[in-house]
Amino acid sequence: MPTCHRVYYKKAQKMEEIEDSSIALVITSPPYPMIEMWDEIFALQNEEIKVALEVGDASLAFEKMHKELDKVWSELYRILKPGGIICINIGDTTRTVNKNFQLFPSHSRIINAFQKLGFQNLPEILWRKQTNAPNKFMGSGMFPPGAYITLEHEYILIFRKGEKREFKSKALKENRRESAYFWEERNIWFSDLWDFKGISQGLNNKETRKRSAAYPFELAFRLINMFSVRNDTILDPFLGTGTSSLAAMVSERNSIGYEIDKNLKENIKERFLQVIPFGNKYIENRLNSHISFITERINEKGPTKYINENLNVSVITSQEKDLKINILKSIKEIDQEFVLKYKQIEYNSTSDDLNNKKLIEKKSALDKWIS
Ligand SMILES: C[S@@+](CC[C@H](N)C(=O)[O-])C[C@H]1O[C@@H](n2cnc3c(N)ncnc32)[C@H](O)[C@@H]1O
């Protein structure tokens, strides 16, 4: 089934284009309160923020910035389906205001706001972002007690609207089974500590990432596959360079994004239109990783019990048997909407191919699937 992707270039405090209870998953990273690069964008949304910053009232500025984010969070409650999930990437900030160095704990301020709105808290992820910057340690150096801990992590806060989502009909159950992920992915993705060292950052070059504070494609891809099913609609109210929508495209989900900065429009469009080669390479790497993993496992422990016939590979659990992955075929812009079509991975299997010993040969066959 094709997927649709739309971006609204306006602020997300009012998302009137989105119907009540229509979104399955929100993944986003807002501008971080009290980080200088976002001062201006916050000040444009509320003049009092500018004044508070000018007079050096840091607590007031912090609170007023969060009040703007609160308006978006309360819209999320309206548009999210029952059982829908929200993942928010946020980092706390340190800043010296009036010669006073302090921490601005955005993550706890956001947790409070979500609890007040009635969301349920789910276990969160710490995203470790190690820095090698020469000035990473601040304060009084080797003299106690005035040196400060370096922040080298951010949070991915996770909330749910009400009870667990249900999949009652036969068709819904089937779609859920097809949306499964691999066992070895589960073991990494569902850990509470993420470290992307060594993982390709996808379409964002280093400069774009720094300027736009984009998160890695891998982060968005994981969250979408962990917390939604194929054909769901994913929303990112702070779309930035469009990473969440790209990950939705590669995961066969629909997406909606809001972005206040119209200057990003060309950049977003360019990235969307380049999704096919990037996305198919990503899928190829994902399948190759699975084949390497399962080949090693079979060599160590012997054949596994289950085969996924859609992909023609061995898997560890019965839950992975129906997992489906389609590759990207075409993308077109139609009436301000990007429509993406998919095609099945074609692989001429014989009964012999299902034999686990053939897995290594399949590795090279993957190249043919993708082309
Ligand atoms: C941290 S960046 C998001 C980066 C994004 N995750 C990516 O991968 O590119 C936050 C984005 O939110 C946008 N923004 C700030 N306030 C907004 C608002 N009220 N409504 C919509 N977008 C907003 C900023 O222009 C910025 O592009």
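The legends below describe close-up views of a predicted model. Local features need pLDDT of at least 70 and side-chain atom pairs count only at pLDDT 80 or more, while totals for chains, interfaces and linings use all residues. Residues are numbered from 1 along each chain as its sequence is written, and side-chain values use heavy atoms, with hydrogens and water left out.

**View 1. Polar atoms at the ligand.** A nitrogen atom of the ligand lies 2.9 Å from a polar side-chain atom of Q13. A polar backbone atom of Y215 is 3.1 Å from an oxygen atom of the ligand. For E259, an N or O atom in the side chain is 2.6 Å from an oxygen atom of the ligand. The ligand taken alone exposes 610 Å², and the protein buries 98% of that (Shrake-Rupley method, 1.4 Å probe).

**View 2. N308 in strand β13.** N308 has its place in strand β13, residues 306–308 (strands are DSSP runs of E, at least two residues; helices are runs of H or I, at least four; both are numbered from the N terminus). N308 counts as buried because its relative accessibility is 0% (buried means under 20%, exposed over 50%, partly exposed in between; 1.4 Å probe, protein chains only). The N308 side chain reaches the backbone nitrogen of L311 at 2.9 Å. Leaving out residues up to four places away in sequence, N308 touches V313, V315, E320, K321, D322 and L323 (contact means heavy atoms within 4.5 Å).

**View 3. The R6 and E337 pair.** R6 and E337 meet through their side chains in a salt bridge, 3.3 Å from N to O (a side-chain nitrogen of Lys or Arg within 4 Å of a carboxyl oxygen of Asp or Glu). The pair links distant parts of the chain, with R6 in strand β1 (residues 3–8) and E337 in strand β16 (residues 337–344), 331 residues apart. R6 is partly exposed at 24% relative accessibility, and E337 is partly exposed at 21%.

**View 4. Two further salt bridges.** In the salt bridge of K10 with E17, the closest N and O atoms are 2.5 Å apart. D20 forms a salt bridge with R78, with 2.7 Å between the closest N and O atoms.

Definitions and conventions
A polar contact is a pair of N or O atoms within 3.5 Å; within protein, one must be able to donate a hydrogen and the other to accept it, and residues adjacent in sequence count only if both atoms are side-chain atoms.
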